[in-house]
Amino acid sequence: MKDRNTVSSERSKKMDVNKEIGHLIDAIQRLGTENSDKQHEVTFGVLFNDDDCANLFEAMVGTLRAAKRKKIITYDGELLLQGVHDNVKITLLKTEV
């Protein structure tokens, strides 16, 4: 059985992830363009090299993976690395966490 502090800590981490995903959604809408399906898209390189994003996301790759698991965004592959995956398109599927 989990103690009260563990449950509180887990809830806090989920809130932090959701907050970061919310910022990610805003960044994709700000930096991206609409595709033919009216979904916003941005390349990983544009997102990674944006000063606001660099200051905002403690671990951008982790935030991207969490958003992908929640089906908020989609992109090819599992792990995106700067340089190697700069041209990979990230597509916004939902605008709310």
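**Charged pairs and the core**

Tutor: In this predicted model, Asp-52 and Arg-30 form a salt bridge in which the closest N and O atoms are 3.9 Å apart. The pair links distant parts of the chain, with Asp-52 in helix H3 and Arg-30 in helix H1, 22 residues apart.

Student: How many salt bridges does the count come to?
Tutor: The count comes to 3 salt bridges. Another of them joins Asp-50 to Arg-30, with the closest N and O atoms 2.8 Å apart. Asp-50 sits in the loop between H2 and helix H3 (51–56) while Arg-30 belongs to helix H1, so this pair ties together parts that are 20 residues apart in sequence.

Student: Is Asp-50 buried or exposed?
Tutor: Asp-50 counts as buried because its relative accessibility is 14%, whereas Arg-30, at 45%, counts as partly exposed.

Student: And which residue does Glu-41 pair with?
Tutor: Glu-41 forms a salt bridge with Lys-89, the closest N and O atoms being 3.9 Å apart. Glu-41 lies in strand E2 (residues 40–43) and Lys-89 in strand E4, so parts 48 residues apart in sequence are tied together.

Student: Switching to the core, which residues have the most contacts inside the largest one?
Tutor: The largest nonpolar core has 21 residues, and those with the most contacts inside it are Leu-24, Ile-28, Leu-47, Leu-64, Ile-73 and Ile-90. Helices H1 (4–31), H2 (44–49) and H4 (60–69) and strand E4 (89–92) are the elements that give two or more residues to this core, and H1 gives the most, with 5 residues.

Notes: Residues are numbered from 1 along each chain as its sequence is written. This is a predicted model: local features need pLDDT of at least 70, side-chain atom pairs count only at pLDDT 80 or more; totals for chains, interfaces and linings use all residues. Side-chain values use heavy atoms; hydrogens and water are left out. A nonpolar core is a set of buried Ala, Val, Leu, Ile, Met, Phe, Trp, Tyr and Cys residues joined through side-chain atoms within 4.5 Å. Buried means under 20% relative accessible area, exposed over 50%, partly exposed in between (1.4 Å probe, protein chains only). Helices (H or I, at least four residues) and strands (E, at least two) are DSSP runs, numbered from the N terminus. A salt bridge is a side-chain nitrogen of Lys or Arg within 4 Å of a carboxyl oxygen of Asp or Glu.
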